[in-house]
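Here is a friendly walk through a two-chain model, meant to be read with the coordinates open beside it.

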Amino acid sequence: MTNITPVAPTLAVVGLGHAYGGIDDTTIAETGPAAGTSKHARTGTVVAAWDVSFDVAGGEALGVIGESGSGKSTVMKSIAGDIMPTTGRVTLQRGDGTTAVITEMSPAEIRALRVNDLSIVHQNPADGLDLRITAGGNIADRLTAAGWRNFAAIRERAAELLTRTEVPLDRMDDPVGSFSGGMRQRVQLAKALANTPSVVLLDEPTTGLDASIAAGVLDLIRGLLDEFGLAAVVVSHDFSVIEMLTQRCVVMQHGRVVEHGLTDQLLEDPAHPYSQRLVGAARA
Amino acid sequence: MSSQSVLDVVQLHKSFVLHNIDGRRVDALTGVDLHVNVGEHVALAGSSGAGKSSLLKCIYRTYTPTSGDVILTDTDGTRLALSALGEREMVMVRGRRLGYVSQFLRAQPRRTPMDIVTAAGILRGTDVTTARVLAMEALDRLRLDKGLWDVHTSVLSGGERQRVNLAAGTISPPRLLLLDEPVSALDPANRTAALDVIADLSAQGVAVLSVFHDLEAMERLASRIVVMRDGRIESDGPPIEILSTLRAVAR
């Protein structure tokens, strides 16, 4: 049977835009790749992201590529509910089949979403973990936020997650601050997966780790994405990370998506001048 | 088009515009028409730069065709226009319907030959247990030393990696398999074993479009040879005819 009708996307970003300052048609027209800047010369408005659309299905990972200031973080923050974008819509299909419209949620609803349905793995583990408390405690924190109350069950779940992310169980009761960078990142992954979210955002997940450690963490992430059928968005400036984790990508420049495609196609046959420059620089 | 057709390439053009090198345009394919039927092995011949690899990459969508159509006909007769398919749909077509084996193994670190070949089987819809059995069979047929089946591929030689790559590409084979110099690093004995595995694909009804740099491989495997030159097809015919021409040119 021919069935290549893709399943409904788990995460959908439609027409997302965010500007700092007033906007009108000229602000939009006079910023972006053609203008060579995201800052509007006359009004000083910064159009951090505009007209960004993509979707990601369960079991799929989408890469977002671009230099600093290209709008990647703005897009990620909008998905995470950290900022309320100027325009556009972000929706997430929860595990129970209901739809969350993130761009219309209250701060309390966002907090619940971030506990149950959407996790972020930060570049810096200190942003996702409390380094003063133990590995087990960090995970317990996320579980209790989701309503877990039984101490033994929490311990058991934490141990299961740490085992899956290859953190030695004899370190479970040590403060995360005493862990190496690679192991902190593994604890962050364990915490991110604690409540079986449907979407995970990976923000430079291996940047700052030694090459050998990064390879191990990357390999772990790849395995977890497959195993849990997560919809993932991966931001990285490192093409080897994008190549290993994602099947599709978008390239951003000055707040706009300038190209989208299959990952191998973007790396071997980039069409947009900016993508060609990025790939050329990485391959040089 | 015959109902047996698996691949139809119609007036395919591919140009690269090098924006950062004075915007120059390089034409890789200039109007290719090609058809491959069920169980047929079509070998692409021609000198370097003739467009052989570009054609394979355009079919697999590693390159975006500039114009023209690439149509894959599925087992139930559904015609899938690969050149126009959405990205997610294309990801789904890759695997069970369309495979690509290049010269080089591109594997994640910390993966063993067994992991890689089994995963390839699972991707094409085989259950885990069967995939493991098929993976062992494939590695065995390709004469990969059993002691290497469970070590990370980073320690393997070029020839060993190439055999892992070929095992992964041919396990539970897709409907159409693209091969780009898949045996280039193999010694004669391993090469013979690899060519046998590829020959078996045709017996199983897999359509194969290949690039081999040597004429012996084409002679052993091809049911038809297509000669490319300057991004288009120069001749297309039975191996005996084409090979005698190619050999005459080589002399």
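## A helix pair in chain A

Helices α5(A) and α6(A) cross in a right-handed sense. This is a predicted model, so please read every value below as computed from predicted coordinates. Helix α5 of chain A covers residues 135-145, and its axis comes within 9 Å of the axis of α6(A). The crossing angle of the two is roughly 115 degrees.

Which residues bring α5(A) and α6(A) together? From α5(A) they are A:A135, A:G136, A:I139, A:A140 and A:L143. On the α6(A) side, A:I154, A:R155, A:R157, A:A158, A:L161 and A:L162 meet them. Sorted by class, this contact holds 8 nonpolar residues, 1 polar residue and 2 charged residues.

Helix α6 of chain A spans 151-164, α7 spans 181-193, and A:D174 sits in the loop between them. Setting aside residues up to four places away in sequence, A:D174 touches A:T134 and A:A135.

For a sense of distance, take A:D226, which is 52 residues from A:D174 along the chain. The C-alpha atoms of A:D174 and A:D226 are separated by 29 Å.

## Chain A as a whole

Zooming out, chain A has 11 helices and 10 strands. The C-alpha trace of chain A spans about 60 × 50 × 45 Å along its principal axes. The radius of gyration of chain A is 19 Å, which agrees with the value near 19 Å for a compact globule of 284 residues.

Of those 284 residues, 46% are buried. Among contacts in chain A with a separation of 6 or more, 66% join residues 24 or more positions apart.

## Chain B as a whole

Now for the partner. Chain B comes to 8 helices and 10 strands. With 251 residues, the globule rule gives 18 Å, and chain B has a radius of gyration of 18 Å, so chain B is as compact as a globular protein of that length.

The C-alpha trace of chain B spans about 45 × 45 × 45 Å along its principal axes. Buried residues account for 44% of the 251 in chain B. For contacts in chain B with a separation of 6 or more, the share between residues 24 or more positions apart is 68%.

## A helix pair in chain B

Two packed helices are described by the angle between their axes and the distance between the axes. Helices α3 (residues 113-123) and α4 (residues 128-141) of chain B pack at about 125 degrees, with axes 8 Å apart. The pair α3(B) and α4(B) is therefore oblique, and the crossing is right-handed.

On α3(B), the contact uses B:P113, B:M114, B:V117, B:T118, B:G121 and B:I122. On α4(B), it uses B:V128, B:A131, B:R132, B:L134, B:A135, B:A138 and B:L139. By class, the contact of α3(B) with α4(B) has 10 nonpolar, 2 polar and 1 charged residues.

## Where the chains meet

How many residues does each chain bring to the contact between them? Chain A contributes 23 residues and chain B contributes 19 residues. The side of chain B that touches chain A has 6 nonpolar, 6 polar and 7 charged residues.

Key:
Residues are numbered from 1 along each chain as its sequence is written. Chains are lettered from A and ligands numbered from 1 in the order in which they are written. This is a predicted model: local features need pLDDT of at least 70, side-chain atom pairs count only at pLDDT 80 or more; totals for chains, interfaces and linings use all residues. Helices (H or I, at least four residues) and strands (E, at least two) are DSSP runs, numbered from the N terminus. Two residues are in contact if their C-beta atoms, placed from the backbone, lie within 7 Å. The radius of gyration is taken over C-alpha atoms; the globule rule is 2.2 Å times the number of residues to the power 0.38. A residue is buried if 20 or more other C-beta atoms lie within 10 Å of its own, exposed if 12 or fewer, and partly exposed in between; C-beta atoms are placed from the backbone. Ala, Val, Leu, Ile, Met, Phe, Trp, Tyr, Cys and Pro count as nonpolar, Asp, Glu, Lys and Arg as charged, and the others, Gly among them, as polar. Axes are lines fitted to C-alpha atoms, for helices over the stretch in contact, and angles run from 0 to 180 degrees between N-to-C directions. Angles under 35 degrees count as roughly parallel, over 145 as roughly antiparallel, 65 to 115 as roughly perpendicular and the rest as oblique. A crossing is left-handed if the near helix is turned anticlockwise from the far one by less than a right angle, and right-handed if clockwise.
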